[in-house]
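Subject: Structure for you to look at

Hello,

Here is the structure I said I would pass on. Please open it and keep it beside this email while you read.

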Amino acid sequence: MPRSRLDHIVVTAASLQEGIDYVRDALGVEMQAGGEHEHMGTHNCLLKLGDKLFLEVIAANPGAPHPGRPRWFQLDEPDSVRTPRLATWVARCDYIHALAPASLGKIETMSRGNFRWLITVPEDGKLPLQGVAPTLIQWLSESHPADTLKNLGCSLVRFEGFHPRPESVTGMLRVVGFEGQFQVSPRAASVVAHIQTPAGPRRLG
């Protein structure tokens, strides 16, 4: 049976600099430049959190034309990006067409520099289950973004979610064959990452 696993966690912000500042204040480290997503009019910065695991800050790119459709990760919604936040996460799989339910969105081909991938993108740009359920990704390029990042001494210790209907999230995780530790508790929708840094344990979310 096809399976999925945690690939990266996603911080959204009204601008890339605001997201970078948010991570610096929370974790005490500087992020590494990423690149542009031409099809979505966005750009990003990255931080290595482990083997094939990273943190992404993503925002609308003011230097790129609007894609003519809702940007992913709710980046066009002012209330969603009013303050930088850990908004959601992405799960990696090898057979996205066999795993992705229609509720996660259409499977699209995307690229950034030398990286190419398939990813689920809802037509309305919404986050699945308010960001507590994952977006699915299948990397098509030989290397993984985390392989190109410097190790700044940060590692993900624990990742957890909260949702008013936790059974909806756990049901989705079963559908996408998620392997890994991701506890979901009843509360307002959010995700929290516990990260070990050079300055000690910190958290996002």
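Predicted model: local features only at pLDDT ≥ 70, side-chain atom pairs only at ≥ 80, totals over all residues.

Helix 3

Helix 3 covers residues 166-175, and Leu-173 lies in it. Leu-173 has a relative accessibility of 9%, and it counts as buried because the cut-off is under 20%.

What does Leu-173 touch, leaving aside residues up to four places away in sequence? Its contacts are Trp-89, Pro-134, Phe-178 and Phe-182. Ala-91 is 82 residues from Leu-173 along the chain, yet their C-alpha atoms are 9.9 Å apart. Just after the helix comes Gly-177, with a positive phi of about 60°.

Strand 4

Strand 4 runs from residue 53 to 60 and is mostly covered, with 8 of its 8 residues buried. Which way does strand 1 (residues 4-12) run beside strand 4, parallel or antiparallel? The two pair in the parallel sense, over 5 bridges, and Thr-12 stands opposite Ile-58 of strand 4.

Strand 3 (residues 42-50) is antiparallel to strand 4 and joined to it by 8 bridges. One of the pairs is His-43 with Ala-59 of strand 4. Strands 3 and 4 form a hairpin with 2 residues between them. Lys-52, in that turn, has a positive phi of about 55°.

Regards

Note on methods. Residues numbered from 1 in each chain as written. Heavy atoms only, no water. Helix = DSSP H or I, 4+ residues; strand = E, 2+ residues; numbered from the N terminus. Buried < 20%, exposed > 50% of the residue type's maximum accessible area, 1.4 Å probe, protein only. Contact = heavy atoms within 4.5 Å. Pairing = 2+ DSSP bridges.
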